[in-house]
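This briefing is meant for someone meeting the structure for the first time.

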Amino acid sequence: MNHKILALDFGGTKLAAATLIPGEQKWHQTRRQLSGNSPTAATDMEIMRSLIRELLGDEKPLAIGVSFGGPVDAKTGIVRLSHHVSGWENTPLQEILEAEYNAPVRVDNDANVAALGEYKFGAGQGCESLFYITISTGVGGGWILDGRPWQGSQGMAGEIGHTVVKPDGPLCLCGKRGCVERLASGPYIAQQVRQSLHEQPEKGEIIRNLVNHQLDNITAEIVSQAANTGDELCQNAIKLAGWAIGVGIGNAANFINPQRFILGGGVTKAGDLFWHQVRQISRQTALPEIDFEIFPAQLGDEAPLWGAVALAETSLLQ
């Protein structure tokens, strides 16, 4: 008997799968695995299939919801591309999974799915309009407006990571300069600090010691740790990230006027310095007449999986 919902999360660096019995508020089982070095669409699919086998064995799922780390056409379930994993261009992921698992499937971008998860199960409960922002390997956003996901005419709404906040800033993966993602995502925070340390050998004693002077080992998490211990160079990098997110939020507040902004992803664990900067700059950027709240995500790294459950449930209603 098919009685479990299957939730899948294709991230930029890790894959996760979980099962849930409808009506329950806790996972039946979960599995996670890193993508490994130089991942491709093919290697990611193989890892995900093995996670599904561990969870379901020969059992078929009731429905499947999928969170994908990149642009998706939510109407067709076709993945446009991944900015972090090669080989995903124009992949009909919904069609592939429906054929393999003989169950209804819904696929959407990870930020849209996480927004749905927070709206239904997390920090967005009781809120009619919100914007969820994920700040991790990349920066993306997902809208819930009047209680419903809003993807835009081509599924590209919410791409706050590629809002330009500093036109003369550094070059982003997307080809533009000064994007929010280029200033605030984890890998770029680490890259920025490494570059500053090379250019200023007299600075950053705390972080240099934390990585035993092996600058290639610097991550955004270590930058946060050093910033919270008083490393000025790292504090400046965290402030810059908070500034970029704050400008993006203030502009989004002016455009759409949601009740609440919910922030998730690894970079949001950077501490009080980051959150203070986000709140201060967003307030300065938005019109004084516009009210909004900024909350940390409640579901953490599981927001996309919980959103995938909500997606799967919609497929059962249709």
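At the start of helix H8, a side-chain oxygen of Asp-231 comes to within 3.1 Å of the backbone nitrogen of Leu-233. The model is a predicted one, and the points below should be read with that in mind.

**Helix H8**
- Helix H8 covers residues 232-256, 25 residues in total, and its first and last C-alpha atoms are 36 Å apart, which is close to the 36 Å expected at 1.5 Å a residue.
- After H8 comes Asn-257, a residue whose phi is positive, near 60 degrees.

**Helix H5**
- Helix H5 is made up of the 14 residues 186-199, and the 20 Å between its end C-alpha atoms agrees with the 20 Å that it should span at 1.5 Å a residue.
- The buried residues of H5 are Gly-186, Tyr-188, Ile-189, Ala-190, Val-193, Ser-196 and Leu-197.
- Among the elements that cover these buried residues of H5 are helix H4 (180-184), helix H6 (205-210), helix H7 (220-228) and H8.

**Trp-143**
- Trp-143 belongs to strand E9, which runs over residues 139-145, and Trp-143 counts as buried because its relative accessible area is 6%, under the 20% cut-off.
- The C-alpha atom of Trp-143 is separated by 7.6 Å from that of Ser-129, although the two residues are 14 residues apart along the chain.
- When neighbours within four places in sequence are left aside, the contacts of Trp-143 include Asn-112, Ala-115, Leu-130, Phe-131, Arg-148, Pro-149 and Trp-150, and they also include Ala-252, Ile-256 and Pro-258.

**Thr-268**
- Thr-268 is located in the loop that lies between strand E11 (260-264) and helix H9 (272-285).
- With a relative accessible area of 12%, which is under 20%, Thr-268 is therefore classed as buried.
- Setting aside neighbours within four places in sequence, Thr-268 is in contact with Ile-135, Leu-263, Phe-274 and Trp-275.

**The second largest pocket**
- The second largest pocket holds about 440 Å³ of space, and 17 residues line it, with Ala-74, Pro-149, Gln-151, Leu-311 and Gln-318 lying nearest its centre.
- Strand E7 (105-109), strand E10 (148-150) and helix H10 (303-317) are the elements that give two or more residues to the lining of this pocket.
- Sorted by class, the lining of the second largest pocket consists of six nonpolar, six polar and five charged residues.
- Pro-149, one of the residues nearest the centre of the second largest pocket, is also in contact with Trp-143.

Technical notes:
Residues are numbered from 1 along each chain as its sequence is written. This is a predicted model: local features need pLDDT of at least 70, side-chain atom pairs count only at pLDDT 80 or more; totals for chains, interfaces and linings use all residues. Side-chain values use heavy atoms; hydrogens and water are left out. On a 1 Å grid over the protein atoms alone, a cavity is a set of points where a 1.4 Å probe fits but cannot get out, and a pocket is an open set with protein on both sides within 12 Å along at least five of seven lines; lining residues have an atom within 4 Å of a point. Grid points are joined across faces, edges and corners, and a volume is the space filled by probe spheres set on the points. Helices (H or I, at least four residues) and strands (E, at least two) are DSSP runs, numbered from the N terminus. Ala, Val, Leu, Ile, Met, Phe, Trp, Tyr, Cys and Pro count as nonpolar, Asp, Glu, Lys and Arg as charged, and the others, Gly among them, as polar. The expected span of a helix is 1.5 Å times one less than its number of residues. A polar contact is a pair of N or O atoms within 3.5 Å; within protein, one must be able to donate a hydrogen and the other to accept it, and residues adjacent in sequence count only if both atoms are side-chain atoms. Buried means under 20% relative accessible area, exposed over 50%, partly exposed in between (1.4 Å probe, protein chains only). Contact means heavy atoms within 4.5 Å.
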